[in-house]
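Q: I have a model open and would like to learn how to read it. Can we go through it feature by feature?

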Amino acid sequence: MLFYLLRRLLQTVPLLLVISALIFTLLYLMPGDPLVRMLQDIPRLRPEDYERLRRIYGFDDPVYVQYWKWLWQLLQLNPGYSREYGQPVFDIIRPALINTLVLTLSAVVIGKFVAILLGIFSAVRQYSIGDYLLTGATFIAYSVPAFWLGLMLMIVFSVKLGWLPTSGLVNAELAPGSWEATVDWLKHLILPVTVLAVSEIIQVQRFMRSSLLEVLRQDYLTTARAKGLSERVVIGRHALKNALIPVVTIIAVTMPRVVGGSAVVETVFAYPGMGRLLFTSIMGNDFVVAMTVVMIIAVTVVFLNLLADILYGWLDPRIRYQS
Amino acid sequence: MERQDQQIGYWRVVWRRFKQHRIAYVGFFFFVLLLFLVVAGPHMVPYQLDQVSLSERMDAPSLTHWLGTDELGRDTWTRIMHGGRVSLAVGLTVGVSTVIFGGLVGILSGYVGGVLDNALMRLVDMIYTIPRIVLLLVLSKLAGPGLLNIIIILVALEWTNAARLARSAALSFREQEFVLAARCLGASRWRVMLRHLLPNSLAPLIVAATLDAGAAIRAETTLSFLGLGIQPPTPSWGNLLTHAATNIFIAPLQVFLPGLFIFFALMSFNLLGDALRDALDPRLATARR
C-alpha cells in the first residue's frame, strides 16, 4: 500500500511537468507583446531601449529556456508579477483562492449532503410519487446548463423579488467585519453556491438511490428486521454503512469537476475567485497569473484524482493495487 | 413467430426495442421539432437576422414579434432559430466527428496494440487529466473565434471517450473466432479493423455520439456565452444569452428564451442517448432497473 502510494505520488511529477509545459507553450504562442503595455506607460523609451528590455527580461530566449526560468522561479515560490496589475502574483491569487475555496467547499458539502438525503428518500420510497418526481427532476436538471440556471435564479431572486444581489461578493459601502457586511457577504454567496450545489446533487443522488436499493435487497437486512429492529435502525445503521461505500468513491471521482463548474458560475455571478481569475488572465494575456492559476488548478485536480483512486481501494478491499 | 424472431438481424431488433421505448419518443420528438424549427423557423416570419428596428427595442412578445425583440429591436424568434442552426450544427458535427475519429483511433489502438497502443492511451489519459476548462479557454483564445475553430477544439478534447470505448471493444473481439477466420482467409489488417471490428463496436459508439453531441452543445453555448466561442454577428444560443444578460433587469424574458432552447436540445440528446443505450444493449437496460 505504502509502495503504491509512493509510486502514484512520483507519477504525478512528470504528469504535472507535461501539463505545465503544454499550457506554457500554448500561452506563449498567443499574440500580444508583453512589453507593449510597459512602453505605453513610458513614452520616452527609444527602440534601442525596447530591444535592451526584451533581452533583460528574456523575451528573446527560446520557449524552452523561458519555460525553464519560469519553472525554476515557481519552485522557489516566486512566480513573478502580474502584467495587468503590477503586483506579485500571490497577492492577486490569495484572495481569489480563499473566495473559491469558500464557494466550492460549501457547495460540495451542502450538495453532497442533500444528494445523500434525497437518495435515501428515493430508495426507501421506491416507485412512490416522490421518487418519480425526484428522478424526473434530476434528469431535467441534468440538461440545464449551469450558466442558464444561474441567470434564471438571478431573474427570480434578484430581478423579480429583489432579495439577493446579482453579482460580486463584497459591498464596499459596508464596514468590513461588521454584522451588516457579513450578512451581505452571505447573501452574495447564496446564488453561486446554489447553482454549484445543484450540479453536485445531480451527480450523486442517482448513485445513492441505486446503491441503497442494492443493499436493501440483501439477506442481512431481513435478519436485522427479523430481530425486531425498527426500520430507522435497519436503514440508518445497517444498510447505510454499506450503501455509502460506492457513493463516497463517486463523490471523490466527481470532485475535480467542481473546478470547471466553479469557473463558469464565478463568471456568471462576477464572483472574484480562481475561475474568474483564470478567465480574465487568459483573456487579458496576463501570462504568469494565468500560468500560476493553471498550475494550482492542475495540482488540485491531479491530487483529487489520486485521492479518488486511493479511497476506492481503501473502502473496497476487493480491489488490489498490485499489478 | 419465435422462429422468425431468431432470424431477423441485429439492427432490426434494435429498431424494435427503440420503438418500444417511451422515452425514446420524447427525445426523438424534441429532436425532430428542434430541427424543423431551426430549418423552417426563420422563414415563418418576415424578418432578417440583423434587421434593426430602433422603435421596437426590447418589446414583449406579440403577434408581430412572437418572442419579442432584443436591445436593437431585432426579432428574437428569427435570432434564436438562426442561433439554433449554428449550435445544433456544432453539436451534430462534433458528435459525429468525435466518434469517427475516436472510434478509428480506438480500434487501431486496440487491434495493433504494443507501443502504438501505449502511446495513444497515454495521450488519452493526458487529455483526460488536464482540467477541461483550462484547455477550452486557452485553445479557443489561441485559435480565435469561428465556427470551424470551435468544432476542431471540441473534437480534439472529446474524442477520447469514443477512443476508449472502441479500444475496449476491439480488445475483446480481437481474439475471437470470426476475426481469426478473417485473418486466415488473408484479410489485411485494415480490412479486419474496418469490416469486422468497427461494425461490432458500433453499439457503444452510437450512444457515445449522441451524448457527445449534447456535451458539445453544452460546451459551445458555454464558451459562446463567455465570449470565446461563436462571435456576433453570427448568432448562437450561447452568445444570444450574453447580450440579453446585460439587460437582465429590463427584459428578463430575452435571457430565458435562448437558454430554454439549449435546455430542450440537451434534453433531447440525453433522452435519445438513454433510449439508444437501452435499445442497443438490453443487458444494461435490465441492470439499471
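This is a predicted model: local features need pLDDT of at least 70, side-chain atom pairs count only at pLDDT 80 or more; totals for chains, interfaces and linings use all residues.

Q: Is A:Tyr127 exposed or buried?
A: A:Tyr127 counts as exposed, because it has 9 C-beta neighbours inside 10 Å. A:Tyr127 sits in the loop that joins helix 5 (89-124) and helix 6 (129-142) of chain A. Check its backbone too. Phi of A:Tyr127 is positive, about 65°, although the residue is not a glycine.

Q: What is the phi of A:Ala270?
A: It is near 50°, again a positive value in a residue other than glycine. A:Ala270 belongs to the loop between helix 11 and helix 12 of chain A. A:Ala270 has 13 C-beta neighbours inside 10 Å, so it counts as partly exposed.

Q: Next, helix packing. At what angle do helix 9 and helix 10 of chain A pack?
A: Helix 9 (residues 219-226) and helix 10 (residues 231-254) of chain A pack at about 145°. Their axes are 10 Å apart. The crossing of helix 9 past helix 10 in chain A is right-handed.

Q: Which residues meet there?
A: Helix 9 of chain A brings A:Tyr220, A:Leu221, A:Ala224 and A:Arg225. Helix 10 of chain A brings A:Val234, A:His238 and A:Ala239. By class, the residues of this contact are five nonpolar, one polar and one charged.

Q: Now the interface. How is the size of an interface often given?
A: Often as the accessible area lost when the parts come together. Here, count residues instead. The contact takes 34 residues from chain A and 29 from chain B.

Q: Which elements of chain A give two or more residues to the side that touches chain B?
A: They are helix 1 (2-28), helix 7 (146-160), helix 11 (257-268), helix 12 (274-283) and helix 13 (287-315) of chain A. Helix 7 of chain A has the largest share, seven residues. The side of chain A that touches chain B has 30 nonpolar residues, four polar and no charged ones.

Q: Last, the overall fold. How many helices and strands has chain B?
A: Chain B has 13 helices and zero strands. Its C-alpha atoms fill a box of roughly 75 × 55 × 35 Å along the principal axes. Of the 289 residues of chain B, 45% count as buried. Among chain B contacts between residues at least 6 apart in sequence, 71% join residues at least 24 apart.

Methods:
Residues are numbered from 1 along each chain as its sequence is written. Chains are lettered from A and ligands numbered from 1 in the order in which they are written. Two residues are in contact if their C-beta atoms, placed from the backbone, lie within 7 Å. Helices (H or I, at least four residues) and strands (E, at least two) are DSSP runs, numbered from the N terminus. Ala, Val, Leu, Ile, Met, Phe, Trp, Tyr, Cys and Pro count as nonpolar, Asp, Glu, Lys and Arg as charged, and the others, Gly among them, as polar. Axes are lines fitted to C-alpha atoms, for helices over the stretch in contact, and angles run from 0 to 180 degrees between N-to-C directions. A crossing is left-handed if the near helix is turned anticlockwise from the far one by less than a right angle, and right-handed if clockwise. A residue is buried if 20 or more other C-beta atoms lie within 10 Å of its own, exposed if 12 or fewer, and partly exposed in between; C-beta atoms are placed from the backbone.
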